[in-house]
Structure formats: C-alpha cells, structure tokens
Amino acid sequence: MAVHEDVDAYIAAAAPGRQDALRALRRDCWQCLPGFAEEIRHGMPAYVRDGETELAFASQKQHLALYVMRAEVLERHRDELAHLDVGKGCVRFRRVDQIDHDLVRTMLTETAASRDPVR
C-alpha cells in the first residue's frame with residue numbers, strides 16, 4: 001500500500017475514474033464536518049475530532065469505501081443503503097455513480113452533531 005503524505009496526494013494517486021468522486025466526498029466532508037481535522041490515518045483520508053477518527057473514505061481495489069464510525073448514524077440509514085454492500089461501519093460503492101451525495105451529507109451532518117461514543 002502506498003503511503004500518501006496528504007489527501008491531495010491520495011486523490012492524485014487514485015484511478016482517474018475515481019478522482020472526481022473522491023474530490024466530491026472530500027468536499028462533502030469539508031462542508032459538513034466543521035471543526036474536524038483532515039488527516040491521513042491508516043493510509044486513507046480521515047476526519048478527526050478530539051483525537052478520534054469519526055469518518056474516513058478510501059479507494060480500494062474493487063470499490064470506494066465510506067467508513068462511518070458512529071454506529072447509530074449508519075444504523076439509522078441502513079435501509080436507504082440496502083442496495084449497497086454495508087458492513088458494521090463501512091459502506092462500499094462498487095461504482096462511483098452509486099454514491100448518493102445527499103445521503104452522504106446527511107450522515108456527515110449527523111456525525112458532526114453526535115456526541116455518542118465512537119465504536
């Protein structure tokens with residue numbers, strides 16, 4: 001796995017067909033997660049508050065992944081995400097056109113508002 005020093009480098013290293021989707025996810029995070037720090041953690045862009053990673057995204061070999069660390073946020077939207085591969089804390093998008101940015105922004109806004117424990 002390549003190590004990227006910042007999110008710009010991470011996105012630039014992604015497959016060309018995914019770069020716009022990654023930029024859009026990053027823009028959503030900037031807009032909906034005020035007060036969060038953007039860092040590279042565990043090799044991917046992560047959004048951190050009070051030292052805790054609360055959200056991250058990644059370009060994996062077979063999909064784009066959105067990691068939602070607040071279980072209650074992901075559970076609240078599990079039905080809306082039923083057509084996707086959803087794990088305990090990860091939403092996997094096999095194609096960039098599967099990303100519903102309105103729903104992503106809703107989950108980000110709920111993450112920012114939540115003070116429940118991060119799993």
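The side chain of Arg70 makes a polar contact with the side chain of Glu54, at 2.9 Å; a polar contact here is a pair of N or O atoms within 3.5 Å, where within protein one must be able to donate a hydrogen and the other to accept it, and residues adjacent in sequence count only if both atoms are side-chain atoms. The model is predicted, so local features need pLDDT of at least 70 and side-chain atom pairs count only at pLDDT 80 or more, while totals for chains, interfaces and linings use all residues. Residues are numbered from 1 along each chain as its sequence is written, and side-chain values use heavy atoms, with hydrogens and water left out.

Where do the two partners sit? Arg70 is found in the loop between β4 (64-68) and α3 (71-76), and Glu54 has its place in strand β3. Helices (H or I, at least four residues) and strands (E, at least two) are DSSP runs, numbered from the N terminus. Arg70 counts as buried at 3% relative accessibility, and Glu54 is buried too, with a relative accessible area of 1%. Buried means under 20% relative accessible area, exposed over 50%, and partly exposed in between, with a 1.4 Å probe and protein chains only. Leaving aside residues up to four places away in sequence, Arg70 touches Arg49, Glu54, Thr111, Ser114, Arg115, Asp116, Pro117, Val118 and Arg119, where contact means heavy atoms within 4.5 Å. With its neighbours within four places in sequence set aside, Glu54 is in contact with residues including Phe36, Tyr47, Arg49, Thr111 and Val118.

Beyond four places in sequence, Tyr47 touches, among others, Arg26, Cys29, Leu33, Phe36, Glu54 and Phe57. Tyr47 and Cys29 are 18 residues apart in sequence, and their C-alpha atoms are 7.7 Å apart in space.

A disulfide is a covalent bond between the sulfur atoms of two cysteines; it is taken here as a pair of cysteine sulfur atoms within 2.5 Å. By this rule the count comes to 0 disulfides. Cys29 is in no disulfide, and the nearest cysteine sulfur, that of Cys32, is 7.8 Å away. Cys32 is likewise in no disulfide, with the sulfur of Cys29 as its nearest at 7.8 Å. Cys29 counts as buried at 1% relative accessibility, and Cys32 is buried with a relative accessible area of 12%.

The side chain of Ser59 makes a polar contact with the side chain of Arg18, at 2.8 Å. Not counting residues up to four places away in sequence, Ser59 touches Tyr10, Ala14, Arg18, Leu22 and Leu64. The C-alpha atoms of Ser59 and Arg94, 35 residues apart along the chain, are separated by 10 Å.

Now turn to helix α4. At 1.5 Å a residue, the 13 residues of α4 (residues 101-113) should span 18 Å, which agrees with the 18 Å between its end C-alpha atoms; the expected span is 1.5 Å times one less than the number of residues. The buried residues of α4 are Leu103, Val104, Met107, Leu108 and Thr111. Why do they line one face? Seen down the axis of α4, the buried residues fall within an arc of 140°, so they line one face of the helix; the arc is that of the directions from the helix axis to the C-beta atoms. An α-helix has 3.6 residues a turn, so residues three or four places apart point the same way. The buried residues of α4 pack against α2 (16-32), β2 (44-49), β3, β4 and α3. The face of α4 turned away from its buried side carries the exposed residues Asp102 and Ala113. At the start of the helix, a side-chain oxygen of Asp100 reaches to within 3.1 Å of the backbone nitrogen of Asp102.

Finally, step back to the whole chain. The protein chain has 4 helices and 6 strands, following the pattern α-α-β-β-β-β-α-β-β-α along the sequence. Buried residues make up 47% of its 119 residues. Among contacts between residues at least 6 apart in sequence, 53% join residues at least 24 apart.
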